[in-house]
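Here are a few friendly questions to work through with the model open beside you. Take a look first, then read on.

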Amino acid sequence: MPDISLTMIVVLCLAALAAGWIDAVVGGGGLLLLPTLLLGLPNGASAAQYALGTNKAVAIVGTTGAAVTYARRTPVDVKIAVRIGLAALAGSTAGAFVAAGMSTEVLKPVVMVVLLAVGAFVILRPSFGTAPGAGPVSARRVLAAIGLAGVGIGFYDGLIGPGTGTFLVLALTAVLHLDMVTASATAKIVNCCTNAGALATFAWKGTVYWQLAALMAVFNLVGGTVGAHTALKKGSGFVRVVLLSVVFTLVAKMGYEQWVA
């Protein structure tokens, strides 16, 4: 357990609770949880790695809880989700290797432009993600989803990371013609696969505060379960509003880090 105050432990647990809710609805909980961990954990040469490792140990619990809740209440094709998840695991591993040898600061403006374009598209297409497509999903669309949502977004996750869950929801909605609730449910299963691979790496490196992660994970699990129930109850329109909020928050955060901080 790191040497931090009781007040900061409470703050971290509340951040885990809120992040679990955001992640379950539309992804992007790491936007809140990771900066809080960086603020609360002891400073040092490996502080960032411990924050990343502990974040993954917390997030995988909430994501799994949300995935189980969704699977019980909404028709999710688990086989397709797992296939995309395994592709994303391979993609994130490749992205992590590339990230070790290049500056991701160069790519952040490009990602911001893409996010703004996505936000504009969702605003201008009110019907996007409000209803599932008719008929079964074709093999071609499944392969496209594996390539884009799996390998492509998985690679981005390993290379840069922020907003991966949100990108997954958007990609799955567009490619597989899912409504946003079902896309969120599918994204949670994909996230379980990528989080497991990342956590295994951080655990092997020994950069996880397991006791703190276990405590925060309880709150993240509650937040994730409540968030999944909220999305299922409120429907795709609610998920759409939260998605837009997360997209523009992500753009603002990345812009601040790129040009102000």
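Q: Which helices each supply at least two residues of the lining of the second largest pocket, and which gives the most?
A: This is a predicted model, where local features need pLDDT of at least 70, side-chain atom pairs count only at pLDDT 80 or more, and totals for chains, interfaces and linings use all residues. Residues are numbered from 1 along each chain as its sequence is written, and side-chain values use heavy atoms, leaving out hydrogens and water. Helices here are DSSP runs of H or I, at least four residues long, numbered from the N terminus. At least two lining residues come from each of α5, α6 (139-159) and α7 (164-176), and the top contributor, with six residues, is α6.

Q: How do the residues of that pocket's lining divide into nonpolar, polar and charged?
A: The lining has 18 residues, with Val114, Leu148, Ile153, Tyr156 and Phe167 nearest the pocket's centre. Ala, Val, Leu, Ile, Met, Phe, Trp, Tyr, Cys and Pro count as nonpolar, Asp, Glu, Lys and Arg as charged, and the others, Gly among them, as polar. The division is 17 nonpolar, one polar and no charged.

Q: Where is confidence lowest in the protein, and where is it highest?
A: The predictor's confidence in each residue is pLDDT, from 0 to 100, and the protein averages 85, with 92% of the residues scoring at least 70. The lowest mean, 79, belongs to helix α5 (residues 108-124), and the highest, 94, to helix α9 (residues 210-234).

Q: Which distant parts of the chain does the pair of Trp21 and Phe238 link?
A: Rings of Phe, Tyr and Trp (its six-membered ring) pair if their centres lie within 6.5 Å, and planes under 30 degrees apart count as stacked, over 60 as edge-to-face and the rest as tilted. By this rule there are three aromatic pairs. Trp21 and Phe238 are edge-to-face, 6.0 Å centre to centre with 80 degrees between the planes. They sit 217 residues apart, in helix α1 and helix α10 (residues 236-259).

Conventions. On a 1 Å grid over the protein atoms alone, a cavity is a set of points where a 1.4 Å probe fits but cannot get out, and a pocket is an open set with protein on both sides within 12 Å along at least five of seven lines; lining residues have an atom within 4 Å of a point.
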